Amino acid sequence: MPIQHLCTIVDKTPLGADTYWMQLECGDMVEQTFQAPGQFIHIACPPHFLRRPISVATCQSDTPDDGVSIVFQVRGEGTRWLAERSEGETLDVLGLLGNGFAMDPVGRYLLAGGGIGVPPLYGCAQYAGGRAVAVLGFRSQAQVIMPQLFADACENVFLCTDDGSLGFHGFVHQKVEEILCKDRDFTAVLACGPKLMLRGVAEVAAKYGLPCQVSMEERMACGVGACLGCAIPMADGTMKHVCKDGPVFDASEVDWNG
Amino acid sequence: MAKADLSVTLAGVRLKNPIVPVSGTFGFGEEYGQFFDIERLGAFCAKGLTLRPRVGNPPPRIAETPMGMLNSVGLQNPGVDAFLEREWPRLQGLDLPVIANISGDTPAEYAAMCEKLSGAGVDMIEVNVSCPNVKAGGLAYGTKPELAAEVTKEAKDHAGGTPVMVKLSPNVTDITEIAKAVEGAGADAVSLINTLRGMRIDLNTRRPILKRNTGGMSGPAVLPVALRMVWEVHNAVKLPILGMGGVTNAETAVEMLLAGATAVGMGSALFADPMAAVKTVDGLADWCAAHGTTPKELTGGVLPWA
Ligand SMILES: Cc1cc2nc3c(=O)[nH]c(=O)nc-3n(C[C@H](O)[C@H](O)[C@H](O)COP(=O)(O)OP(=O)(O)OC[C@H]3O[C@@H](n4cnc5c(N)ncnc54)[C@H](O)[C@@H]3O)c2cc1C
Ligand SMILES: Cc1cc2nc3c(=O)[nH]c(=O)nc-3n(C[C@H](O)[C@H](O)[C@H](O)COP(=O)(O)O)c2cc1C
Ligand code: FES
């Protein structure tokens with residue numbers, strides 16, 4: 001059951017030119033609604049009419065207030081408004097929404113993230129208790145975020161850049177394949193990032209016989225399954241809804257041509 | 001301060017207050033039931049149904065607009081039979097009138113749905129002749145008086161004693177012509193406005209944001225258009241009106257009542273604030289008590305300049 005809460009911003013830290021880490025005090029939202037890493041919150045950005053969906057990077061239940069951390073990139077008016085908020089201000093938040101990554105607490109995971117899709121995988125790495133290998137892709141060195149956090153939370157981290165300015169020169173799915181060639185001992189591949197990257201990772205995972213879950217994006221209105229606005233097509237010809245059925249889906253369910 | 005009597009009667013159905021979440025914004029009542037007790041509302045209009053299931057339009061289906069939004073959901077729904085089988089048993093037990101909303105491609109489809117829904121005992125049937133997001137049928141019926149009348153008559157003939165409310169499109173030159181036509185054909189009420197056709201374009205890609213290029217606009221930005229149309233229809237016909245379009249709070253709900261609405265629909269406002277409808281019920285109670293009035297008394301109470 002989602003909760004609406006006025007959350008206080010307790011920390012805002014820039015992670016680069018246009019990307020921010022923000023920590024919120026959320027009452028008992030985590031305690032009441034946490035299911036798995038990969039859920040999201042829906043943030044009102046007045047005067048803009050619709051809320052903005054942002055994934056939870058990491059969260060913890062705590063007293064007196066639970067904590068939810070998000071990482072977001074300024075893309076347009078709403079995220080710019082969010083970036084202009086200061087510590088101590090409050091945000092009207094719905095959360096935690098959706099279903100996250102289905103994870104076995106004793107499993108071992110291969111995490112594949114691209115760009116602003118990287119942050120929610122941090123929660124996965126923590127949940128896996130360090131039994132995770134992360135492949136994190138960015139356009140170039142200047143865009144790299146959270147490398148140390150992942151290094152601390154994972155067995156191993158591989159950074160990739162499209163332009164070769166840091167780490168592996170190439171795409172995330174290529175690095176994922178390189179790893180799976182040598183080591184297939186993973187419970188599943190968990191991926192978040194641009195759709196093209198997700199598709200590439202899903203294909204590689206399928207080739208090596210590993211289950212793969214992907215976190216999808218679509219424009220939202222309600223965020224809770226009432227408006228049917230955030231539909232994405234499934235391989236079986238039906239529609240599912242990113243806010244309620246996702247945002248995390250089994251890669252084999254998704255219609256990648258849709 | 002004495003408590004105001006908020007109850008109203010819409011097409012013979014008693015609502016404990018005039019606030020009604022509108023079709024397509026409230027699912028089948030389950031989702032927002034997580035945030036508040038939906039029995040506190042006056043009634044609700046369920047997601048638009050068609051005779052057979054529909055998958056709806058491809059994404060993106062949502063675009064933001066200044067103080068509003070566009071949608072092109074395209075009547076995605078499980079079909080009337082699945083609604084009756086899976087949703088109606090839960091809804092039937094509520095202390096809350098449920099208004100089923102239907103769209104068809106032919107008058108015969110409207111007739112078939114009316115038979116099924118009235119047979120099951122829904123409280124009211126809202127005949128949508130105005131969805132801008134489907135290619136066939138829908139919009140055409142809502143933009144031609146003769147066709148709107150034909151569909152209304154067909155619905156009435158097959159709805160038994162269940163009240164029939166016809167949902168009007170704002171995408172017409174003169175909405176009163178359509179209102180008069182459906183009144184003549186036996187409608188028990190009208191609801192308006194459905195969404196206004198609109199468009200947004202992504203500057204980087206030069207593509208429309210919606211995959212279907214255009215969609216239906218709703219939210220606070222459409223309030224003045226909705227008020228004007230409700231006022232025109234109130235002056236043109238005797239039918240009770242479920243007035244909607246851009247209502248967000250008690251003040252805008254009172255405006256809608258004054259323009260001529262008997263009950264007030266709220267949709268997009270819930271996307272911004274899930275509690276908007278119940279806050280409006282409470283705010284309306286306070287407003288009426290403070291002004292020594294009731295929703296019934298407010299209906300059509302605007303004092304136009306001569
Ligand atoms: C489940 C989910 C999780 C997300 N997690 C994150 C995250 O952790 N960090 C992050 O930086 N971004 C995330 N996004 C993307 C983020 O929601 C968009 O960047 C943001 O909504 C853009 O808003 P804006 O006002 O800045 O842009 P504008 O272009 O001004 O927004 C206009 C409208 O389009 C919508 N919109 C635009 N782009 C997107 C998009 N990519 N996805 C969904 N709606 C969009 C906006 O919500 C708004 O309604 C996530 C999206 C989804 C669906
Ligand atoms: C996402 C969405 C879906 C809708 N679906 C339907 C529908 O299925 N049937 C219908 O008659 N109207 C539908 N409508 C129109 C609304 O019922 C209402 O007429 C309109 O949104 C204006 O009210 P508002 O400004 O309060 O949202 C839909 C509106 C939205 C925003
Ligand atoms: S955003 Fe309304 S159903 Fe997903």
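A polar contact is a pair of N or O atoms within 3.5 Å; within protein, one atom must be able to donate a hydrogen and the other to accept it, and residues adjacent in sequence count only if both atoms are side-chain atoms. The views below show a predicted model, in which local features need pLDDT of at least 70 and side-chain atom pairs count only at pLDDT 80 or more, whereas totals for chains, interfaces and linings use all residues. Residues are numbered from 1 along each chain as its sequence is written, chains are lettered from A and ligands numbered from 1 in the order in which they are written, and side-chain values use heavy atoms, with hydrogens and water left out.

**View 1. Polar contacts of ligand 1 with chain A.** A polar side-chain atom of Thr79(A) lies 2.4 Å from an oxygen atom of ligand 1. An oxygen atom of ligand 1 also lies 2.6 Å from a backbone N or O atom of Gly78(A). For Glu217(A), a polar side-chain atom is 2.8 Å from a nitrogen atom of the ligand. Of the 830 Å² of accessible area that ligand 1 has on its own (Shrake-Rupley method, 1.4 Å probe), the protein covers 88%.

**View 2. The shell of residues around ligand 1.** Ligand 1 is surrounded by 19 residues (a heavy atom within 4 Å of the ligand), and Pro53(A) and Arg219(A) are among the closest. The shell comprises eight nonpolar, five polar and six charged residues; Ala, Val, Leu, Ile, Met, Phe, Trp, Tyr, Cys and Pro count as nonpolar, Asp, Glu, Lys and Arg as charged, and the others, Gly among them, as polar. At least two shell residues come from each of β4 (52-60), β5 (67-73) and α2 (77-83) of chain A; helices (H or I, at least four residues) and strands (E, at least two) are DSSP runs, numbered from the N terminus. The largest contribution, four residues, is that of β4(A).

**View 3. An open four-stranded sheet in chain B.** The strands follow the order β5-β6-β12-β11 with antiparallel pairing, where two strands pair if DSSP finds at least two bridges between them. Four bridges join β5(B) to β6 (residues 68-71) of chain B, and Ile62(B) has Asn71(B) as its bridge partner in β6(B).

**View 4. Glu115(B) in helix α2 of chain B.** The helix spans residues 107-120. Glu115(B) counts as partly exposed because its relative accessibility is 47%, between the limits for buried (under 20%) and exposed (over 50%; 1.4 Å probe, protein chains only). The C-alpha atoms of Glu115(B) and Pro18(B) are separated by 27 Å, and the two residues are 97 residues apart along the chain.
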